Amino acid sequence: MTMTGVPTAALDLPPPGLNFLSVIQPSLGVLMVGLTGSSILLTLLVILFLFSTKQLRRKPIFILNVISLILGITQGISTTFVMYRGIINPQQILTRFRYATLDCLISFVPLFVDSILLFRLLVVYPYHATPFHIFLMIFIPLMCIKVTRLANIVVFINHLFIGSGAAPNPIIAL
């Protein structure tokens, strides 16, 4: 018996390979979403190459789409790894580098995908063919949103990088 009246056997950790439900439950949902999302992106990447021509593969938009899919797959793999480690060995805290890598991917991948959409708008409304006031009406709000999102990402990464070293599990770090 401990001083609190709880038997010492109740405070012992379960054997390796087994874990408390309270440890598994938060990470399992994120793990499943990461795996499912990665498998969908991998399928999209294969389909993108199957149904594209040689001329289409040389265009910048195709290259940007491939990069965004690869970044999404990398993000899914990183998320899966961190959540898996949180389930299998919750006592071992991951390094700051692993948390920072995942946090950067979670933050910058959507910004990159938004940049692809901005590039598509620039192709539809080129500077030389669009009246100046319409061009400004389209792109100034989008650029303000993009700059604001980038500032939010910098603050987010800064807070997470400072606090992730003391995080007891991946869910709290995210």
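Helix α5 bends by about 25° at F108, and a proline, P110, follows within four residues; the bend at a residue is the angle between axes fitted to the seven residues ending there and the seven starting there. The model is a predicted one, in which local features need pLDDT of at least 70 and side-chain atom pairs count only at pLDDT 80 or more, whereas totals for chains, interfaces and linings use all residues. Residues are numbered from 1 along each chain as its sequence is written, and side-chain values use heavy atoms, with hydrogens and water left out.

The chain contains seven helices and zero strands, where helices (H or I, at least four residues) and strands (E, at least two) are DSSP runs numbered from the N terminus. Of the 174 residues in the chain, 25% are buried, a term that stands for under 20% relative accessible area, with exposed meaning over 50% and partly exposed the range in between (1.4 Å probe, protein chains only).

Helix α5 itself covers residues 96–124, and its 29 residues reach 42 Å from the first C-alpha to the last, close to the 42 Å expected at 1.5 Å a residue, the expected span being 1.5 Å times one less than the number of residues. Buried positions in α5 include Y99, L102, D103, L105, V109, L111, I116 and L118.

A search of the whole structure finds one salt bridge, defined as a side-chain nitrogen of Lys or Arg within 4 Å of a carboxyl oxygen of Asp or Glu. This salt bridge joins R149 and D114, whose closest N and O atoms are 1.9 Å apart. The pair links distant parts of the chain, with R149 in helix α6 and D114 in helix α5, 35 residues apart. R149 counts as partly exposed because its relative accessibility is 31%, and D114 likewise counts as partly exposed, at 25%.

In the loop between α5 and α6 (132–163) lies T130, which counts as buried because its relative accessibility is 11%. A polar atom of the T130 side chain lies 2.7 Å from the backbone oxygen of P126.

V46 is found in helix α2 (residues 21–50) and counts as partly exposed, because its relative accessibility is 46%.

Note on methods. Polar contact = N/O pair within 3.5 Å; in protein donor to acceptor, adjacent residues only side chain to side chain.
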